[in-house]
Amino acid sequence: MTPVALCRCETYEEETTLAAVRRAVDLLGGMDRFVGRGQRVLIKPNLLSARTPDRRVTTDPSIVRAVALLVLEAGGEPFIGDSPALDSFGKVCARTGMEQVARELDLNLVELTRPTPVNLGEGAVFRNLEIACQALDADVVINVPKLKTHAQMLFTLAVKNLFGTIVAQRKTEWHHMAGVDRDTFASLLLDIYTAVGPGLNILDGVWGMEGHGPANGEARKFNLVAASADAVALDLCVCRLLGVPLRMFPLYRAARARKVGETDPEKIQMKGDNPARFAVRDLQVPQLDSMGILPGKFDWFTRRYLVSKPVHERSRCVGCGQCEEICPAQALELRDKKLTFDYGACIRCYCCQEICPRDAIGFRKGMLVRILNVLNR
Ligand code: SF4
Ligand code: SF4
């Protein structure tokens, strides 16, 4: 059985989060099981962009602090690292509260740079990856994701959080390489997960995000800290708690097909608090459609008529240009605060929506989603 620890945590008050994280890790055998004396431990939070903790976009600093304290107690040498997609690492650390945690505990903040080739060999879909050397060189990686919905992948939880070990702008290149199919992108995420091999995953689900995640959704309280050595099992467990059928989750489909992590709910053992205490039945999740619904030769028809499209909400736009900069398909043009989309080139990755600081990129529902809505009534 693969254990996943679930612990109730209702506030980000430091002693409360420390108690919840400690309990979750103890349910898995204690931090000594994962960290040895003198080991260098990368703590990898979700530092998507320079937003304050109350926006619920990034891992809360009190959770990162609690993880670091447990690593220190176990004799490890923790440092905090990530590679934000656009904002400078210094600005992100200052805004998200990481700088304060690092100062208090005398930890290094390390920007993940220097892409290093990794050859995964047979069994991988993306055999040759480039991962930040700081993640590969660490003795142990502790992955500390945030619970959020995600426009492209349904959720961003433990496995998706490791996409941050791809260095900054290279993320867009990998997005482009994975192309339009969500299951292929899920496979890329699984290959990154395999390459980084986190020893432990601790999810911040005290507050999370629903709706237009991972950056512009609505904050929602889930009162959950969850932990597991198996990021796939952890993600599937959370998906089920949130009342979303596993088959809707691209990561589940890819992990099950490729036998990465534990995907059999019967073999996942939930420990700690009663799962019913975290059950959610009305979560607002992004409605996913897929470019892969028809064979490739009908791509133009699928793009044009069937799948949802990103659209500009000009009244909110400040013309910062971040969407244009991050678009992996160069499908955007910004002029005088007016965005023009090339829907023929757009791969529907929704990176533009994710990065926009003003929630000025929305969706126009495609025909597929509208049909599904009618069928589900
Ligand atoms: S849509 Fe958003 S990211 Fe793009 S220019 Fe406007 S405010 Fe910036
Ligand atoms: S326009 Fe937006 S959704 Fe389309 S490829 Fe560019 S970033 Fe992705």
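Trainee: Where in the chain is Arg348 found?
Mentor: Arg348 is found in the loop between S15 and helix H13 (351-355). Helices (H or I, at least four residues) and strands (E, at least two) are DSSP runs numbered from the N terminus. This is a predicted model, in which local features need pLDDT of at least 70, side-chain atom pairs count only at pLDDT 80 or more, and totals for chains, interfaces and linings use all residues. Residues are numbered from 1 along each chain as its sequence is written, chains are lettered from A and ligands numbered from 1 in the order in which they are written, and side-chain values use heavy atoms, leaving out hydrogens and water.

Trainee: Why does Arg348 count as buried?
Mentor: Buried means under 20% relative accessible area, exposed over 50%, and partly exposed in between (1.4 Å probe, protein chains only). Arg348 has 4% relative accessibility, so it counts as buried.

Trainee: And Asp336, buried or exposed?
Mentor: Its relative accessible area is 69%, so Asp336 is exposed. Asp336 lies in the loop between strand S14 (332-335) and strand S15 (338-341).

Trainee: What is the phi of each of these two?
Mentor: Phi is near 60° for Arg348 and near 50° for Asp336. Most residues other than glycine have a negative phi, and most peptide bonds are trans.

Trainee: What makes the pairing of the Asn143 and Asn161 side chains a polar contact?
Mentor: A polar contact is a pair of N or O atoms within 3.5 Å; within protein, one must be able to donate a hydrogen and the other to accept it, and residues adjacent in sequence count only if both atoms are side-chain atoms. The contact between these two side chains is 2.7 Å. The Asn143 side chain also reaches the backbone oxygen of Ala158 at 2.8 Å.

Trainee: Which residues come nearest to ligand 2?
Mentor: Of the 13 around ligand 2, these are Cys327, Cys346, Cys349, Tyr350 and Cys352, where near means having a heavy atom within 4 Å.

Trainee: How does the shell around ligand 2 divide?
Mentor: Into 12 nonpolar, no polar and one charged. Ala, Val, Leu, Ile, Met, Phe, Trp, Tyr, Cys and Pro count as nonpolar, Asp, Glu, Lys and Arg as charged, and the others, Gly among them, as polar. The ligand 1 shell has 10 nonpolar, three polar and no charged residues.
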